[in-house]
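This briefing concerns the structure shown below.

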Amino acid sequence: MKLLSYIAAVLLFLTTAAAWTASSERASISTRRSWLCKSAAAVAATVALQPVLPALAEEEDQVAYNNPNIPAGPEEKSGLVVLRVAEVAQFQEKILRAILNGEIKDVIVTPQQLVFGTQILLRNSNVSGNMKMMIDDEIPRSRQREARIRAANTMNVLQKISSNAAKIEREMSPAEYEEFANLYRLVRVELNGLYELLAEKERDKYYGYFVAVTDYEKKIAEGVYNPDLDGVLKFD
């Protein structure tokens, strides 16, 4: 399954976060390092079709920024949500491993960001409800038992990421970076396995949706989206 590349995902949240920072008087990010740290955790919110906004976990009463130049995305579909949450898990895993291996310098991810990012992910995606809908309506009955096990495993691991991170009240150790990277990998593996339980026709349908959304978001991130030429993204 071809997912949005690591570089494209970075481009997406860097571009939209820059627009949000320029437009929001409440944003106060003093250094490049602190901005990157906060933005890394915020990528969990990319399940929403509109590009991600940087999450400032210390601000409890956040106000969402609505960019009038970015069109509203279509309603998510259950199989598409599964693919996109798997994409987010892949991205989070890569971020953690890149920091752990020294490929990204002067950047940390805090436990609080993992907790907050998981909460945003669960709220924005409704992945539990979408998995149930996909299993009940679209996965063949003979495969539904395995599908329910994979769905339960996914939710258990996401909750474990949040609960384990909440117990840490200091900077994470290398072993903890590895632990959370492995947990995100488990989320991706379970969701990909769930997707593969769909009939071929349904897999092809949702993969087509995924490609369309990826192209849509890439054009927005690069500033080349033209509603007159590109139209409004719709799922038939």
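Tyr206 and Tyr209 are both buried, where buried means under 20% relative accessible area, exposed over 50%, and partly exposed in between (1.4 Å probe, protein chains only). The model is a predicted one, in which local features need pLDDT of at least 70, side-chain atom pairs count only at pLDDT 80 or more, and totals for chains, interfaces and linings use all residues. Residues are numbered from 1 along each chain as its sequence is written, and side-chain values use heavy atoms, with hydrogens and water left out.

**The aromatic pair**

- Helix α8 holds both Tyr206 and Tyr209, three residues apart, about one turn of the helix; helices (H or I, at least four residues) and strands (E, at least two) are DSSP runs, numbered from the N terminus.
- An α-helix has 3.6 residues a turn, so residues three or four places apart point the same way.
- The count of aromatic pairs comes to one, under a rule that pairs rings of Phe, Tyr and Trp (its six-membered ring) if their centres lie within 6.5 Å, with planes under 30 degrees apart counted as stacked, over 60 as edge-to-face and the rest as tilted.
- That pair is Tyr206 with Tyr209, edge-to-face at 5.7 Å centre to centre and 75 degrees between the planes.

**The largest nonpolar core**

- Phe180 and Leu194 touch the most other members of the largest nonpolar core, which has 47 residues; such a core is a set of buried Ala, Val, Leu, Ile, Met, Phe, Trp, Tyr and Cys residues joined through side-chain atoms within 4.5 Å.
- Two or more residues of this core come from each of α3 (78-100), α4 (111-125), α5 (127-137), α6 (144-166), α7 (174-196) and α8 (200-222).
- The most is given by α3, with twelve residues.
- Not counting residues up to four places away in sequence, Leu194 touches Val82, Met131, Met134, Ile135, Ile139, Ala147 and Arg150, contact meaning heavy atoms within 4.5 Å.

**Helix α5 and Asn130**

- The buried residues in α5 are Val127, Asn130, Met131, Met134 and Ile135.
- They lie on the same side of α5 because they cover an arc of only 135 degrees around the axis, taken from the directions from the helix axis to the C-beta atoms.
- Lys132 and Asp137 are exposed on the other side of α5.
- The cover over the buried residues of α5 includes α3, α4, α6 and α7.
- Asn130 counts as buried because its relative accessibility is 10%.
- The side chain of Asn130 reaches the backbone oxygen of Ser125 at 2.9 Å.
- Apart from neighbours within four places in sequence, Asn130 is in contact with Lys77, Ser78, Val81 and Ser125.

Notes:
Polar contact = N/O pair within 3.5 Å; in protein donor to acceptor, adjacent residues only side chain to side chain.
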